[in-house]
Amino acid sequence: MSRTAVSSEKSKLRKTGNGADTSTDEIPVAQSIDELNTLLRKTGPAVDNERFWQTVRAQFALRSDSGNLYTNNGTIGIQPHLVLQSQLDVIRRSEVDPWSPWPSYCPSPQEARPKLAALLNVDASEIAFTRNSTESMNIVAIGLVLDPKDEILTTTHEHHGGWSCWQNRNEQFGNPIRKMDLYDPPQDEDELVRLFEAAIRPETKVLSFCHVTCSTTWRYPVAKICAMARQRGIITVVDGAQSVGMIPVDIREIGSDFYVSSTHKWLFTPKGTGFLHIRQDMQDRMRGGYFTHGALHTAGRFENHASQSPAPLVGFAMAVDFHQAIGTTLIEERGATMAGYLKKGLAAIPGVKLWTPMAPNLSAAMVSFSIPGMSSGDIGTPLRQRYKIDSRGLHEGGYHGLRLSCAIHNSYEEMNKVLEAITEIADKRC
Ligand SMILES: Cc1ncc(COP(=O)(O)O)c(C=O)c1O
């Protein structure tokens with residue numbers, strides 16, 4: 001997109017009435033979820049109400065006076081004040097007054113479990129809190145009872161946190177792994193289901209794939225793929241590192257056997273928090289786990305219940321409340337609309353090749369692209385050094401380019417800055 005095109009988009013944005021109040025009035029930072037709810041209701045939740053999203057932005061600890069622009073939520077999220085403060089309070093109280101009985105100085109960290117279970121529409125006994133997707137994937141890959149000849153089918157789009165655990169499985173138990181190659185963006189959901197179906201062989205017993213890919217940022221029709229696999233007796237392991245908090249994730253509806261996530265990305269939970277969901281009828285197929293207070297027969301046995309700081313789970317519960325105060329539907333809609341704007345802007349820049357499909361059902365709140373002749377570093381390094389924009393390079397599956405995220409704390413003004421910067425970087429190459 002040229003500078004002129006960008007500024008005409010900007011003026012269009014400014015003309016969106018409800019959506020364009022760019023004044024810098026002090027927006028209060030909520031001190032509780034009740035205050036947040038009042039603040040958000042007063043501002044008027046709507047996908048195109050920029051004042052509402054500025055209010056959301058003001059709730060994040062991310063400083064706004066540095067000129068730095070954060071579009072790398074896909075790597076790690078940043079916490080709202082409420083989430084950060086809830087942990088700091090607990091840490092402080094547990095150090096300055098360790099005599100006070102537990103419930104008097106902090107909300108129970110166990111509140112996080114039913115809250116997360118409700119968000120995902122699963123039973124609380126099916127959830128284990130872990131540190132991230134990588135840890136959850138490792139627990140599944142090493143603990144799942146399989147015959148050594150059973151094949152694991154995965155794709156070339158997996159993050160190393162989602163496939164190196166299977167490599168370990170292969171080294172420990174000999175299970176063959178095969179990666180199906182998906183390169184060009186799909187045209188529709190059924191094409192993706194057909195590709196997975198066609199790759200299955202009689203020896204395939206596990207299908208391990210992403211809900212939203214970290215490279216091309218495609219959104220897979222997970223429920224359809226899981227149903228197809230189930231019909232063939234194949235176990236499904238879904239890597240939802242890039243989905244929970246960004247789009248609706250109803251695990252019961254999805255029908256996966258295992259679902260993992262790094263909630264510290266899109267749900268804005270404390271860094272080093274995530275989960276593993278093990279469907280009820282798969283729990284006996286798993287070996288291993290931690291035995292800290294006798295034997296546990298729920299997914300919770302894959303969680304370390306021994307002495308530790310309550311802070312991460314206290315922050316986790318607060319992050320779920322924060323998410324619910326805004327609402328999953330509105331968050332998904334905002335991400336899709338902003339990513340749509342970014343995709344259109346990028347597609348108008350000469351030479352840019354988009355990897356993320358335009359269709360909202362095949363994409364989410366991230367956008368990946370490349371510029372032929374330029375490496376990921378050729379684009380990402382000047383973007384960071386010259387324009388102070390944080391992004392993520394594409395490495396998986398043979399792609400070279402960049403990934404940008406459109407989180408709830410991002411604004412259209414930021415997206416315009418991104419588009420201007422990419423336009424200049426692409427121009428200089430010419
Ligand atoms: C699809 C996917 N899986 C797994 C991971 C690994 O996440 P973590 O380092 O939080 O385990 C990532 C990280 O970006 C990812 O995008």
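How many bridges join strand S7 to S8, and do the two strands run parallel or antiparallel? In this predicted model, strand S7 (residues 258-261) is joined to S8 by four bridges, and the two run antiparallel.

**Strand S8 and its partners**
- Strand S2 (residues 127-130) is also connected to S8 through four bridges, and this pairing is antiparallel.
- Phe 275 in S8 has a residue opposite it in each of these strands, namely Phe 129 and Ser 261.

**Burial of S8**
- S8 covers residues 274-278 and is mostly covered, with five of its five residues buried.
- In a regular strand, side chains alternate between the two faces of the sheet.

**Packing of helices H9 and H10**
- Helix H9 (residues 189-199) packs with helix H10 (residues 222-231) at an angle of about 30 degrees, and their axes are 10 Å apart.
- Because angles under 35 degrees count as roughly parallel, H9 and H10 are roughly parallel to each other, and their crossing is right-handed.
- From H9, the residues Glu 189, Val 193, Phe 196 and Glu 197 meet Lys 224, Ile 225 and Met 228 of H10.
- The residues of this contact between H9 and H10 divide into four nonpolar and three charged, with no polar ones.

Notes
Residues numbered from 1 in each chain as written. Predicted model: local features only at pLDDT ≥ 70, side-chain atom pairs only at ≥ 80, totals over all residues. Buried ≥ 20, exposed ≤ 12 C-beta atoms within 10 Å, placed from the backbone. Pairing = 2+ DSSP bridges. Axes fitted to C-alpha atoms, helices over the stretch in contact; angles between N-to-C directions. Parallel < 35°, antiparallel > 145°, perpendicular 65-115°, else oblique. Left-handed = near helix turned anticlockwise from the far one by under 90°. Contact = placed C-beta atoms within 7 Å. Nonpolar A, V, L, I, M, F, W, Y, C, P; charged D, E, K, R; others polar.
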